[in-house]
Amino acid sequence: MNSTLSVAVLSGKGGVGKTNISLNLACALYQAGFKNLLMDCDMGLANLDVLLGITPEGNVQDALLGEARLSDVLYPLEPNGFDVLPAASGVPELNDLSPDLRDLLLQRLEPLLGKYDFIFMDLGAGISETVQTFAAMAAIRIVIITPEPTSLTDSYALVKLLNNRFGIRDFMVLVNQAASAREAQSAFEKLNGACRHFLGLEPVLLGHVRTDKKLTEAVCRQQPLLRYAPSSPAAQDIQALGARLQRTRMGMLDWLVTRSVLQALPR
Ligand SMILES: Nc1ncnc2c1ncn2[C@@H]1O[C@H](COP(=O)(O)OP(=O)(O)OP(=O)(O)O)[C@@H](O)[C@H]1O
Ligand SMILES: [Mg+2]
């Protein structure tokens with residue numbers, strides 16, 4: 001039976017921390033004993049491999065457009081249940097996924113997914129077809145925002161698009177690069193207010209991650225923050241978010257068994 005929670009990590013504006021937060025959330029859950037798959041779904045400008053300092057032999061492009069099998073291009077980051085699915089950069093077919101390719105990807109991916117507890121999909125910024133598709137197929141969506149006004153307006157545009165096109169009403173919001181819990185709450189309230197007023201839906205605040213120079217250092221050293229500086233403020237925040245996601249998954253188990261890990265979309 002399927003108990004895999006698929007999580008799409010998205011943002012309207014670029015550079016807000018999607019890749020770092022996906023990676024470190026997956027690290028936190030791995031350390032807590034869960035099996036994770038981290039998918040680089042930024043098929044325009046893949047960079048998870050750079051962040052990790054790894055050189056995978058194949059990527060999702062080879063498995064979709066070439067001869068490789070998906071199971072062969074999975075990169076085992078940790079031997080006991082932390083795999084990475086690397087993406088290719090600069091492949092237009094994958095950046096704007098057609099329904100045919102999307103269905104092919106789903107068909108090949110789905111049999112591999114059941115063994116994981118969590119799947120994190122690190123999406124590209126913005127509203128490409130690929131972003132929309134993965135966001136709609138996932139069981140839950142985490143929209144990453146920062147307290148900057150441009151991040152708020154771009155996230156609202158993304159939520160509105162996903163709501164209009166797919167009828168999605170449930171969004172979790174994670175405020176990154178916040179100075180304090182209060183600043184995070186105030187950024188969340190602004191987005192929540194607009195969503196409530198104009199779309200009649202209310203996102204849920206998952207939590208926040210503080211601005212932390214250790215995170216920038218970890219990026220430069222090509223190491224996950226949780227390994228490089230596990231007791232830094234941002235690492236502690238991410239641990240707390242990981243614990244919340246565990247509870248979220250527990251609360252959803254009855255529903256997860258009734259659906260595919262990634263929900264097929266109408267063509
Ligand atoms: N909490 C934080 N504290 C300090 N710096 C941060 C924090 N979060 C992100 N950053 C900075 O922002 C940069 C971009 O982060 P990241 O690559 O994770 O963003 P992204 O949303 O995945 O970007 P893109 O949209 O290009 O995929 C990091 O390299 C880091 O320097
Ligand atoms: Mg990224």
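Visitor: What volume does the largest pocket have in this model, and which residues lie nearest its centre?
Guide: In this predicted model, the largest pocket has a volume of about 450 Å³, and of the 27 residues that line it, G15, G17, K18, T19 and N20 lie nearest its centre.

Visitor: Which element gives the most to the lining of the largest pocket?
Guide: Helix α1 does, with 4 residues, although α2 (48-52), β5 (118-123), β7 (172-178), β8 (204-210) and α10 (213-220) are also among the elements that each supply at least two residues.

Visitor: Why is α1 called largely enclosed by the rest of the structure?
Guide: Buried means under 20% relative accessible area, and because 12 of the 14 residues of α1 are buried, the helix is largely enclosed by the rest of the structure; K18, T19 and N20 are among those buried residues.

Visitor: How do you know that the length of α1 agrees with what a helix should span?
Guide: At 1.5 Å a residue, the 14 residues of α1 (residues 18-31) should span 20 Å, and since its end C-alpha atoms are 20 Å apart, the two values agree.

How values were computed
Residues are numbered from 1 along each chain as its sequence is written. Chains are lettered from A and ligands numbered from 1 in the order in which they are written. This is a predicted model: local features need pLDDT of at least 70, side-chain atom pairs count only at pLDDT 80 or more; totals for chains, interfaces and linings use all residues. Side-chain values use heavy atoms; hydrogens and water are left out. The expected span of a helix is 1.5 Å times one less than its number of residues. Buried means under 20% relative accessible area, exposed over 50%, partly exposed in between (1.4 Å probe, protein chains only). On a 1 Å grid over the protein atoms alone, a cavity is a set of points where a 1.4 Å probe fits but cannot get out, and a pocket is an open set with protein on both sides within 12 Å along at least five of seven lines; lining residues have an atom within 4 Å of a point. Grid points are joined across faces, edges and corners, and a volume is the space filled by probe spheres set on the points.
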